[in-house]
Amino acid sequence: MEWRIYVINSLKEIICPDVVLALDTSHQEYDTLPLKENSKDSKLNKLLIERIPKNSFAFTLDCNSKGAHFKQLSCYLNKTTAGINKGCDLVIFFMNNGKYCVLIFDLKSDKPNTKDTKIQLMNSRIYVRYLIGIIANHYHIDCNSVRIISRAGVTRPNYMIPKCKTFRHPINENNTDEEFKFVRIDQIIGREGKISLDKIIGFV
């Protein structure tokens with residue numbers, strides 16, 4: 001059994017079913033994901049993410065089964081402390097050209113706050129690293145080569161995309177492979193948008 005099947009099976013046991021996002025598997029070559037956005041400030045209420053590799057796994061860190069937003073990533077954290085409790089819309093575990101990857105993605109407004117977006121993505125990255133640690137230690141799966149990719153989508157056509165921000169690992173400053181970038185959602189009709197996973201991650 002290949003790596004991704006082991007990881008997907010472990011995630012199905014670890015992740016609460018209420019936050020799992022169903023992939024559309026009807027296409028023969030790849031999957032799609034209709035990501036719904038409930039924020040009143042969002043220009044889009046749905047973003048269709050296309051060309052997701054088969055046997056991927058998606059969930060959210062921002063929503064419960066009733067559609068209401070969680071106020072914190074963990075009940076062990078102080079919910080009144082600013083900045084530490086925000087999670088992102090989407091996490092996808094997938095393989096890309098033989099590489100093990102995790103996408104952390106959040107759909108933002110026309111003009112997002114760069115500092116707040118980075119904090120939100122960083123919180124989610126820390127949580128994903130915790131999940132990867134559970135997979136490695138409890139399921140004995142080698143996760144050393146997993147690449148975490150952090151992205152935020154913007155919907156404003158003429159928005160000047162900021163230069164790439166790089167997360168610095170809190171212990172190893174040389175670990176700079178976890179990039180934070182904004183990506184523009186170009187294909188928009190009404191309040192629905194469309195983008196491929198390849199365009200989000202920026203490499204194929």
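Colleague: What does the protein chain average in pLDDT?

Modeller: This is a predicted model, and the protein chain averages a pLDDT of 83. Of the residues, 81% score at least 70.

Colleague: Where in the protein chain is confidence lowest, and where is it highest?

Modeller: Confidence is lowest in strand β8 (residues 165–166), with a mean of 53, and highest in β4, at 96. Over residues 169–177 the pLDDT stays under 50; for this stretch the model has eleven contacts beyond four places in sequence.

Colleague: How is a helix read, and what span does α2 reach from its first C-alpha to its last?

Modeller: An α-helix has 3.6 residues a turn, so residues three or four places apart point the same way. In this model α2 covers residues 114–138. Its 25 residues reach 36 Å from the first C-alpha to the last, close to the 36 Å expected at 1.5 Å a residue.

Colleague: Which atoms meet at the start of α2?

Modeller: There, a side-chain oxygen of N113 comes to within 3.0 Å of the backbone nitrogen of K115.

Colleague: Which residues of α2 are buried?

Modeller: They are T117, Q120, L121, N123, S124, R125, V128, L131, I132, I134 and I135. R129, also in helix α2, is partly exposed because its relative accessible area is 32%.

Colleague: Which residues is F59 in contact with, leaving aside its neighbours within four places in sequence?

Modeller: F59 is in contact with I15, V19, V20, L21, D89, L90, V91, F93 and L131.

Colleague: Is S10 buried or exposed?

Modeller: S10 lies in helix α1 (residues 3–14) and counts as buried, because its relative accessibility is 1%, under the 20% limit. Leaving aside neighbours within four places in sequence, S10 is in contact with I135, Y139 and I141. I5, also placed in helix α1, is partly exposed, with a relative accessible area of 23%. I5 and S56 are 51 residues apart in sequence, while their C-alpha atoms are 8.8 Å apart in space.

Colleague: How are aromatic rings compared, and how many aromatic pairs are counted?

Modeller: A pair of aromatic rings is described by the distance of the centres and the angle of the planes. With pairing taken as ring centres within 6.5 Å, the count comes to four aromatic pairs. The rings of Y127 and Y130 have centres 5.9 Å apart and planes at 55 degrees, so this pair is tilted. Y127 and Y130 are separated by about one helical turn, because they are three residues apart in helix α2. Y127 counts as partly exposed, at 26% relative accessibility. Elsewhere, ring pairs link F57, F59 and F93 into a cluster.

Colleague: What should I look for in the backbone angles, and what phi does N55 have?

Modeller: Most residues other than glycine have a negative phi, and most peptide bonds are trans. N55 has a positive phi of about 60 degrees, although it is not a glycine. N55 is placed in the loop between β3 (46–52) and β4, and at 41% relative accessibility N55 counts as partly exposed.

Colleague: Where is H140 placed, and is H140 buried or exposed?

Modeller: H140 is in the loop between α2 and β7, just after α2, and takes a positive phi of about 55 degrees. H140 is not a glycine either. At 69% relative accessibility, H140 counts as exposed.

Key:
Residues are numbered from 1 along each chain as its sequence is written. This is a predicted model: local features need pLDDT of at least 70, side-chain atom pairs count only at pLDDT 80 or more; totals for chains, interfaces and linings use all residues. Side-chain values use heavy atoms; hydrogens and water are left out. Rings of Phe, Tyr and Trp (its six-membered ring) pair if their centres lie within 6.5 Å; planes under 30 degrees apart count as stacked, over 60 as edge-to-face and the rest as tilted. Helices (H or I, at least four residues) and strands (E, at least two) are DSSP runs, numbered from the N terminus. Buried means under 20% relative accessible area, exposed over 50%, partly exposed in between (1.4 Å probe, protein chains only). Contact means heavy atoms within 4.5 Å. The expected span of a helix is 1.5 Å times one less than its number of residues. A polar contact is a pair of N or O atoms within 3.5 Å; within protein, one must be able to donate a hydrogen and the other to accept it, and residues adjacent in sequence count only if both atoms are side-chain atoms. pLDDT is the predictor's confidence in each residue, from 0 to 100.
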